[in-house]
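The following exercises concern the structure shown below.

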Amino acid sequence: MLNSLQNPLSLLGRALIALLFIPAGFSKIAGFAGTAGYIASKGVPLPEVAAAAAIGVELGLGLLLLVGFQARWAALGIALFTVVITFIFHNFWAVPAEQVMMQQQAFFKNIAVVGGLLTIAAWGAGAWSVDGQSKG
């Protein structure tokens, strides 16, 4: 039974993960100055460049992941991005005590998302994807 669900589950899984990134990319475009300011507040150099890169990853690679085009590479790129930003923006070991629980939850949620992305990088997007259709 699970074999018959592989393709719809792969599509649903890609869509749900992409749902984390695509709207975030659009919101960074709409609030570019605020995004760059927040990035600067974390000590990241060249915050405007970092914000533009974040938009490229979240929106560009997120859309590739959603449709399943070059999905393995898109998933790997988003995974690397997510690992880097997680250590910068959710450093629960260096925040005031009242923020530890929230930042720790965000940190480990992001690490779990990386796990899902690495699974897509390892196994591909499934048959219901641009990649899957080009094989057939």
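**Exercise 1.** In this predicted model, how are H4 and H5 oriented to each other, roughly parallel or roughly antiparallel?

*Solution.* 
Step 1. Two packed helices are described by the angle between their axes and the distance between the axes.
Step 2. For helix H4 (residues 71-89) and helix H5 (residues 97-123), the angle is about 165° and the axes lie 8 Å apart.
Step 3. Angles over 145 degrees count as roughly antiparallel. H4 and H5 are therefore roughly antiparallel to each other.

**Exercise 2.** Identify the partner of Lys-28 in a salt bridge, and decide whether each of the two residues is buried or exposed.

*Solution.* 
Step 1. The partner is Glu-58, with 3.0 Å between the closest N and O atoms. The count for the model is one salt bridge.
Step 2. Lys-28 belongs to helix H1 (residues 2-30) and Glu-58 to helix H3 (residues 47-67); the pair, 30 residues apart, links distant parts of the chain.
Step 3. Buried means under 20% relative accessible area. Lys-28 counts as buried because its relative accessibility is 18%. Glu-58, at 5%, is buried as well.

Note on methods
Residues numbered from 1 in each chain as written. Predicted model: local features only at pLDDT ≥ 70, side-chain atom pairs only at ≥ 80, totals over all residues. Heavy atoms only, no water. Axes fitted to C-alpha atoms, helices over the stretch in contact; angles between N-to-C directions. Helix = DSSP H or I, 4+ residues; strand = E, 2+ residues; numbered from the N terminus. Parallel < 35°, antiparallel > 145°, perpendicular 65-115°, else oblique. Salt bridge = Lys/Arg side-chain N within 4 Å of Asp/Glu carboxyl O. Buried < 20%, exposed > 50% of the residue type's maximum accessible area, 1.4 Å probe, protein only.
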